[in-house]
Amino acid sequence: MTDPTWWTSVGALVPEAVSLTEVAMPLVTPFVTARGVEAERRFWLVGVHAGGITGWAESVAQGEPLYSEETHQTVHLVVVEHLLPRLFQAPLDGPEAVAARFRPIRHHEMAKAALEMAVFDWYARAAGVSLHTVWGGTRAEVAAGVALGLTPTVEELLAAADPFVAAGYRRLKVKIQRGWDFEPLAALRRAYPGMAIMADGNSAYTLLDQKALMRLDDLDLLMLEQPLGPDDLVDHAVLQRALKTPICLDESLRSVQDAQHALSLASGRVFNIKPGRVGGFRSAVAIHDVARAAGVDVWCGGMLESGIGRAANLQLASLPGFTLPSDLSASSRYFVEDLIDPPFVLTERGTLAVPRGPGIGVTPDAARVRRFATQGTEWHRPG
Ligand code: MG
């Protein structure tokens with residue numbers, strides 16, 4: 001449980017400046033999903049500056065609106081034009097107040113999250129505590145899963161999976177789409193009989209594909225993630241009634257209200273929580289809490305984050321309801337060089353350690369930020 005008074009010793013936050021640095025980091029291998037190919041990770045590194053302390057966060061929106069309607073560019077627009085004026089307008093009474101301040105702006109969860117998470121980090125650094133401590137996190141390390149993109153052949157999928165299984169990752173997740181589902185998953189199941197394997201449809205299917213999806217019931221999958229529409233809860237409930245395999249919701253959950261509706265409708269038995277998708281930490285913790293109360297397992301998804309976003313996700317995934325392996329891999333899974341030093345490494349137990357320092361527990365390496373930065377601006381509090 002979150003101690004609601006943890007930040008009171010810090011008092012009100014009067015942000016002096018907010019910096020947005022665009023960072024472009026090449027990926028080790030291009031990541032292919034039903035939504036397209038990503039060859040680099042481009043994001044805004046957000047810094048909230050006050051009292052000699054900087055709170056850090058990174059944005060998760062991609063170049064094109066293929067995951068949600070937000071993009072790298074809309075995040076910048078909404079932050080600069082609509083959120084920063086509200087952040088600067090009056091002192092902020094605690095990190096939980098950010099969401100209320102931003103509530104008049106409809107959706108744009110990723111833009112809101114980028115600022116809200118930096119404010120949380122600022123508060124926790126100012127208070128000298130780590131976020132997992134503040135939230136009552138119960139684990140020092142988080143079981144790591146790996147996500148595999150689409151490959152041209154089954155052989156290439158097996159070849160891609162092998163090194164991660166050998167390295168000790170605790171769960172394989174495979175991107176699927178129409179016509180690329182049963183066969184690759186069955187091959188993986190044959191190759192790794194005892195492994196936790198799951199599939200992510202990224203909304204590539206409709207209820208008309210029910211028969212094809214029901215074939216996956218024979219493969220003992222840990223779960224089937226977001227097979228149907230990105231805003232849908234109703235069709236997922238219909239499909240879940242027909243499937244033995246638990247459905248996990250990702251794109252469809254953007255708020256605690258969505259999570260409550262999903263519980264009412266029984267749209268799935270597992271939730272993937274990404275703070276960037278749901279407007280930030282406050283909303284992510286709230287979704288964790290309602291899911292846990294309802295006995296629904298959760299895990300933390302990834303958006304190809306650098307070490308900054310990865311550290312934020314690890315703080316969250318230390319909470320007791322995160323009972324399943326998360327999409328939290330070592331830095332080397334995605335990047336030759338991370339934005340943080342040292343990078344995240346996989347332990348021999350197939351886990352990542354939750355950083356123990358104040359806030360998210362890591363800080364961007366200034367030289368690396370300079371190396372990967374493509375542009376940057378700092379906005380100062382008016383007056
Ligand atoms: Mg997903």
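User: Is Tyr123 buried or exposed?
Analyst: Keep in mind that we're looking at a predicted model. The cut-off for buried is under 20% relative accessible area. Tyr123 comes in at 0% relative accessibility, so it counts as buried.

User: How many aromatic pairs are there, and what geometry does the pair of Trp6 and Tyr123 have?
Analyst: The count comes to nine aromatic pairs. For Trp6 and Tyr123, the rings sit 6.5 Å centre to centre with 80° between the planes. Planes over 60 degrees apart count as edge-to-face, and with its 80° this pair is edge-to-face.

User: What about Phe120 and Trp135: which class of aromatic pair do they form?
Analyst: Both Phe120 and Trp135 are buried. Their ring centres are 6.1 Å apart, with 55° between the planes. Stacked needs under 30 degrees and edge-to-face needs over 60, so the 55° here makes the pair tilted.

User: Which residues coordinate the magnesium ion?
Analyst: The donors follow the spacing D-x24-E-x24-D along the chain. Glu225 sits in strand β8 (residues 224–225) and Asp250 in the loop between β9 (247–249) and α9 (256–265), 25 residues apart. Both of those are buried. With distances of 2.2 to 2.3 Å, the coordinating residues are Asp200 (OD), Glu225 (OE) and Asp250 (OD).

User: In what sense do β2 and β3 pair, and over how many bridges?
Analyst: Strand β2 covers residues 36–50 and strand β3 covers residues 53–58. Within this pairing, Leu45 stands opposite Glu58 in β3. The sense is antiparallel, and the count is six bridges.

User: Which residue in the hairpin of β2 and β3 takes a positive phi?
Analyst: The hairpin has two residues between the strands. A phi near 55° shows up there, and the residue that takes it is Gly51.

User: Arg41 counts as buried, so what does its side chain reach?
Analyst: Arg41 is found in strand β2, and at 3% relative accessibility it counts as buried. Its side chain makes a polar contact of 2.7 Å with the side chain of Glu58. It also reaches a backbone oxygen at 2.5 Å, that of Ser59.

User: Which rings have an arginine over the face, and at what distance from the ring centre?
Analyst: Arg171 lies over the face of Trp299, at 5.1 Å from the ring centre. Arg215 does likewise over Phe182, at 3.8 Å. The rings asked for are Trp299 at 5.1 Å and Phe182 at 3.8 Å.

How values were computed: Residues numbered from 1 in each chain as written. Predicted model: local features only at pLDDT ≥ 70, side-chain atom pairs only at ≥ 80, totals over all residues. Heavy atoms only, no water. Pairing = 2+ DSSP bridges. Helix = DSSP H or I, 4+ residues; strand = E, 2+ residues; numbered from the N terminus. Donors = N, O, S within 2.8 Å, 3.2 Å for Na, K, Ca; no water. Buried < 20%, exposed > 50% of the residue type's maximum accessible area, 1.4 Å probe, protein only. Polar contact = N/O pair within 3.5 Å; in protein donor to acceptor, adjacent residues only side chain to side chain. Phe/Tyr/Trp six-rings, centres within 6.5 Å; stacked < 30°, edge-to-face > 60°. Lys NZ or Arg CZ within 6 Å of the ring centre and 35° of its normal.
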